[in-house]
Amino acid sequence: MKNKIVVITGGATGIGIAIVKQLMNDNKVVSLDRSDAKITALKAACPKVESIKADVTSNTDLTNAIAHIEKLHGKIDVLINNAGKGSNFDFVNSPESKLAEDVTMEMAINYTAPILLSKKAMPLLKKSSEPIIVIISSGLAYVPMAFLGTYCASKAAIHFVTMSIRHQVAALKIRVVEVLPPVVDTDLSKDATIAKMPADKFAKIFLDKLAKGEDIMNIGQTASLEKFSRFLPKTAFKMLNKAGN
Ligand SMILES: NC(=O)c1ccc[n+]([C@@H]2O[C@H](COP(=O)([O-])OP(=O)(O)OC[C@H]3O[C@@H](n4cnc5c(N)ncnc54)[C@H](OP(=O)(O)O)[C@@H]3O)[C@@H](O)[C@H]2O)c1
């Protein structure tokens, strides 16, 4: 990809910064992050990247970010909805207040924010000759891990809506890409004890598939998870949820 205006959420860490690093030399990359410390670190590591301070759960922040991008660049070629959060789910032992907080937070970041940011970006996407909306969901949108139950549900929700958005914007010639990562080595997966894909390898696979025109990307272990979920859903659930989870 070359000479594009790319906007990414949560570009300061993990999968986000791995994508940013592979795009920043040939494109104009704008990252939306909410933490001052992370923005400072991103600017130090990737001086070419433009940072906008924004919490993706704040309607005002998203509106201001889009207005700022319009003023500076006039259009968006690629919008990458990457920011995400997950919390451990313990239905039996968690206090109700913690469950309420976690469910609300996960849905706001993983589900509501990509829909609303994509909607706000529509006028700028329409000014691109080849507009693309990317949604980073999860392989766990196909089959839930019980101890991440509400995170998986938020990813299943955005997985379904992504199909609907793709269908509805097809006539506008806007490409909608869903990326379903396996376990990738980032802060988000720090407690996972299974094999993890390095974030830079993941970013390269994603960008190669994007260039080839793939719109549904089942990357790494997600490819077999998707097949199991369709043909052997109970087995898939058991495989992911061995005793203790
Ligand atoms: N790593 C995996 O194994 C894996 C697997 C499947 C899917 N994914 C998905 O991949 C995406 C990237 O995750 P990652 O693994 O790279 O995790 P990560 O390193 O934790 O990065 C997530 C980024 O999103 C930002 N973010 C979260 N909430 C935000 C908000 N309200 N406003 C602005 N930024 C916010 C975080 O910043 P703060 O510190 O400020 O919260 C962080 O910089 C997520 O959507 C995740 O669900 C990851």
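User: What makes a residue count as near the ligand, and which ones come nearest?

Analyst: A residue is near a molecule if its C-beta atom, placed from the backbone, lies within 6 Å of it. Keep in mind that this is a predicted model. There are 28 residues around the ligand, and Gly10, Gly14, Gly84, Thr186 and Leu188 come nearest.

User: Which helix gives the most to that shell, and how do the shell's residues divide?

Analyst: That's helix H1, residues 14-23, which puts in three residues.

User: Why is Asp77 called buried?

Analyst: Just count. Asp77 has 21 other C-beta atoms within 10 Å, and the cut-off for buried is 20 or more. So Asp77 is buried.

User: Where is Asp77 found, and what is it in contact with?

Analyst: Look in the loop between helix H3 (59-73) and strand S4 (78-81). Skipping neighbours within four places in sequence, Asp77 is in contact with Lys4, Ile5, Val6, Ser128, Glu130, Pro131 and Ile132. Then there's Ile174: Asp77 and Ile174 are 97 residues apart along the chain, and their C-alpha atoms are separated by 9.8 Å.

User: How do you know that H4 and H5 are roughly parallel?

Analyst: Check the angle. The axes of H4 (residues 96-125) and H5 (residues 149-169) cross at roughly 15° and come within 9 Å. Angles under 35 degrees count as roughly parallel, so H4 and H5 get that label. The crossing of H4 with H5 is right-handed.

User: What makes the contact between H4 and H5?

Analyst: On the H4 side, the residues include Asp102, Val103, Glu106 and Met107. On the H5 side, Thr150, Tyr151, Ser154 and Lys155 are among them. Sorted by type, the contact of H4 with H5 has 10 nonpolar, four polar and three charged residues.

User: And why are H3 and H4 called roughly parallel?

Analyst: Run the angle test again. The axes of H3 and H4 cross at roughly 25°, and the label needs an angle under 35 degrees. H3 and H4 are therefore roughly parallel to each other. The axes come within 10 Å, and the crossing is right-handed.

User: Which residues of H3 and H4 meet there?

Analyst: From H3 you have Asn59, Leu62, Thr63, Ile66, Ile69 and Glu70, and they meet Leu116, Leu117, Lys120, Ala121 and Leu124 of H4. By type, the contact of H3 with H4 holds seven nonpolar, two polar and two charged residues.

Definitions and conventions. Residues numbered from 1 in each chain as written. Predicted model: local features only at pLDDT ≥ 70, side-chain atom pairs only at ≥ 80, totals over all residues. Axes fitted to C-alpha atoms, helices over the stretch in contact; angles between N-to-C directions. Helix = DSSP H or I, 4+ residues; strand = E, 2+ residues; numbered from the N terminus. Parallel < 35°, antiparallel > 145°, perpendicular 65-115°, else oblique. Left-handed = near helix turned anticlockwise from the far one by under 90°. Contact = placed C-beta atoms within 7 Å. Nonpolar A, V, L, I, M, F, W, Y, C, P; charged D, E, K, R; others polar. Buried ≥ 20, exposed ≤ 12 C-beta atoms within 10 Å, placed from the backbone.
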